[in-house]
Amino acid sequence: MTVLLAKLIALLSKTFNLGAGGTWPGEIALKLDSKILSKIVPKNVVLVAGTNGKTTTTLMIKTILKNAGQKVITNASGANLLNGVVSAIITSPPGGWGVFEVDENSLPLVLHFVNPKVIVLLNLFRDQLDRYGEVDVIAEKWQKALKNFTGRLVLNADDPLIAILGNKNSLYFGLADRKLFSKTPEHAMDSQFCPRCWAKLTYDGYFYSHIGIWRCPKCGLARPKPDITTASYPLPGLYNRYNTLAAVAAAKALAVPANLDGFSAAFGRQEEIAGHKIFLSKNPAGFNESLRTAICLSPKKLLLVLNDRIPDGRDVSWIWDVDFEMLGKRQVLVSGDRALDLAVRLKYAGVSAEVLPLSNAVHQADFILATYSAMLEVRKLLTGKKIL
Amino acid sequence: MNLKIAWLYPELMSTYGDRGNVICLTKRCQWRKIDVTVQNDAAKADLIFMGGAQDRQQKIVAADFLGKKANLVKKMVENGIPALFVCAAYQFVGHFYRPYQGADIPGAGIFDLYTVHPGDQAKRLIGNVVAKLLDSGKTIVGFENHGGRTTLGPKMKPLVKVISGFGNNGDDGFEGARLANSIGSYFHGPLLPKNPFLADWLIQKALEVKYNKKIELSPLDDTLERQAHDFIVRKYGR
């Protein structure tokens, strides 16, 4: 009965062209039947969770499965709460596979209704404090939720908070090239303390933030030896190496070839529109990596856009944990609801910033780093279309 | 002139932009040609800062700080050395923190206050805050995010009167606390960058106590800070 209703909602959504990627079809379906996900979920599911990299990794795994001849449903637009996953299934043509990115707080809930073949856990970074609370609390919730999971975990060996969630059956990915170690430790570090005994961890080196080759001198907990350490990387940036390794590791767990032919960047994630490259940057670790990657690509003009709407996090204090000092003597543009906060932060970082309205700034910059709602606005201005 | 800033537990107690307060103090000194060194223990410091922490990190700090180290900082605060305690540090320097369930968690007893968490059913106090400093009437802007409700004892004065927001406990209309030249507050923001006169007040007091003479800081161009400050006042002040 509810499956029929779900199909009706999907038909309405299609008829009125209400746009894929919205969450309202799922919202309605869940109101009618809160357990509907367990009834409509595809036979084979992969879940992808973590603070940074979900959308890109999900798209990579989708590409791998499509290249293996499978029909795949994803919640491509980043609608990653329960209603987003349900919406994606309802509004997509049927498929044997579902690859879904899941918000950190929603993973336990989704696991009530789905028994995935594989769960990919990417990383845990400090994100919007007013939405997520503390990283430790999320890690604990995941540990509880994974107790009864019988599928395979694909884990980032280089993130202690993720690695500790593993068991004998888990597959690990990580970087092995020590030349990639960062020269100076970042400030925006979480989990420098052993997730088991709380002693301070020692690191052979950091790849970025608290991600690196780590060991606990007290209880002996150490980075597991990764099964996957190299791949052919379709996107620049150290963080995208991890996303690629995660997807390749997922392919191994699913026993399909790791074929990324035809993969192109997800919207807003180093997506290029009309000669402008867009980097979604929404927390200190992610922003640092976007800045580093952008700087390596020799931008003519950088635009930083900061909003404080609900998807961005209302509290913008986190921008002071971003190492903007790395911009050096560059002149950058700033825009968004909280452009002035950015300008003050940059002043104290020794970087000169020009505050401009977004509609002007967007056309003057070839590289744009933006928080979530700002990224949507940037895309709209550059493409002239609404995405959601 | 030079200033030694003690930034206590920077790795364990530095959530959500708190280091911006240290960056702000450091730069505002350097722009005035005042040399700054940042150290991690309080001994011989001229100015003390401690930021917020997650619960587990707070416990590790408590094990290290309570006792001798806390008593040293308490003496320094009482002798007029300025200190800024924000978020979890603000709670921690009080007498105790009473969680919804379980025993009271002892604090450092530096400030005469205590904090009580009313439980998961009570709403969390989150949002942009606009407030007025009690003595000068100048506005202060910040962002609060706390479950605990703080009550001040007789030795403390509040820092600000809340115009828009919750404050210490969502009840008495005040936020923060003051004792001698020291300040406690729940404000993220961080607190100092958009309220630069507060940063300058701390620097001035620190230098006056250190050099035992009246200090007048050369003014800085705070146009940008004032614009960012006024934006919040216009948007969120009632």
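**Stop 1: a bridge between chains.** Select A:D341 and B:K194, whose side chains meet in a salt bridge at 2.6 Å, N to O. Here a salt bridge is a side-chain nitrogen of Lys or Arg within 4 Å of a carboxyl oxygen of Asp or Glu. Across the interface of chain A and chain B, the rule finds four salt bridges.

A word on what you are looking at: this is a predicted model, where local features need pLDDT of at least 70 and side-chain atom pairs count only at pLDDT 80 or more, while totals for chains, interfaces and linings use all residues. Residues are numbered from 1 along each chain as its sequence is written, chains are lettered from A and ligands numbered from 1 in the order in which they are written, and side-chain values use heavy atoms, with hydrogens and water left out.

**Stop 2: the whole interface.** Now select the contact residues (heavy atoms within 4.5 Å): 33 from chain A and 39 from chain B. The area buried between the two chains is about 3300 Å², with carbon and sulfur atoms giving 55%. Buried area is the accessible area (1.4 Å probe) that two parts lose on being put together, summed over both. In chain A, pick out A:W320, A:K347 and A:Y348, which lose the most area to chain B, together 22% of what that side buries.

**Stop 3: chain A as a whole.** Show chain A as a cartoon and you will have 14 helices and 14 strands; these are DSSP runs numbered from the N terminus, helices being H or I of at least four residues and strands E of at least two. The C-alpha trace spans about 60 × 55 × 40 Å along its principal axes. Colour chain A by accessibility next: buried residues make up 61% of its 388 residues, where buried means under 20% relative accessible area, exposed over 50%, and partly exposed in between (1.4 Å probe, protein chains only).

**Stop 4: an arginine on chain B.** Is B:R238 buried or exposed? At 80% relative accessibility, B:R238 counts as exposed. Find B:R238 in the segment after α6 (223-236) of chain B. Leaving aside residues up to four places away in sequence, B:R238 touches B:I163 and B:S164. To finish, draw a distance from B:R238 to B:N168: the two are 70 residues apart in sequence and 19 Å apart in space, C-alpha to C-alpha.
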